[in-house]
Amino acid sequence: MRANTDSKALRRRDALKNAVSSSLLQLAAGTLLLWFRSSLEPSRPLAILLLAVALLDFGMIIPIWISLKIRLKEIQGGEEDAAAQY
């Protein structure tokens, strides 16, 4: 039983680490796009495209954390452990 608890803790920690690193990557990418955009005239099509992609990058952070919440529920519920028995 102890190994099962350690395994769950390891999976929770890995899931959290992955969510944080993905969020930081999205933030960095969006910030970099906004930085590139700052050198352009705001009404140019490329500037508008960069803004749209940067907003998409920032918007992807919310689904990452929603997915983490779902993943933590799966780990807590032992769904992987039950599936491994088959």
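The protein contains four helices and zero strands, and its elements follow the pattern α-α-α-α along the sequence. The model is a predicted one. Of the 86 residues in the protein, 21% are buried. Among contacts with a separation of 6 or more, 71% join residues 24 or more positions apart. The protein exposes about 6400 Å², of which 67% is supplied by carbon and sulfur atoms.

Helix H3 comprises the 17 residues 61-77. At 1.5 Å a residue, H3 should span 24 Å, and the 25 Å between its end C-alpha atoms agrees with this expectation. Within H3, the residues Ile61, Ile64, Leu68 and Ile75 are buried. Viewed down the axis of H3, the buried residues fall within an arc of 50°, and therefore line one face of the helix. Ile62, Lys69, Lys73 and Gly77 are exposed on the other side of H3. Gly78, which follows H3, has a positive phi, near 75°.

The largest nonpolar core consists of five residues: Ala15, Ala19, Ile64, Leu68 and Ile75. Helices H1 (2-38) and H3 are the elements that give two or more residues to this core. H3 supplies the largest share, three residues. In soluble globular proteins, nonpolar side chains tend to be buried together. When residues up to four places away in sequence are not counted, Ala15 touches Leu68, Arg71 and Ile75. Leu68 and Ile75, both contacted by Ala15, are also among the buried residues of H3.

Terms used:
Residues are numbered from 1 along each chain as its sequence is written. This is a predicted model: local features need pLDDT of at least 70, side-chain atom pairs count only at pLDDT 80 or more; totals for chains, interfaces and linings use all residues. Side-chain values use heavy atoms; hydrogens and water are left out. The expected span of a helix is 1.5 Å times one less than its number of residues. Buried means under 20% relative accessible area, exposed over 50%, partly exposed in between (1.4 Å probe, protein chains only). The arc is that of the directions from the helix axis to the C-beta atoms. A nonpolar core is a set of buried Ala, Val, Leu, Ile, Met, Phe, Trp, Tyr and Cys residues joined through side-chain atoms within 4.5 Å. Contact means heavy atoms within 4.5 Å. Accessible areas come from the Shrake-Rupley method with a 1.4 Å probe; for residues, only the protein chains shown count as cover.
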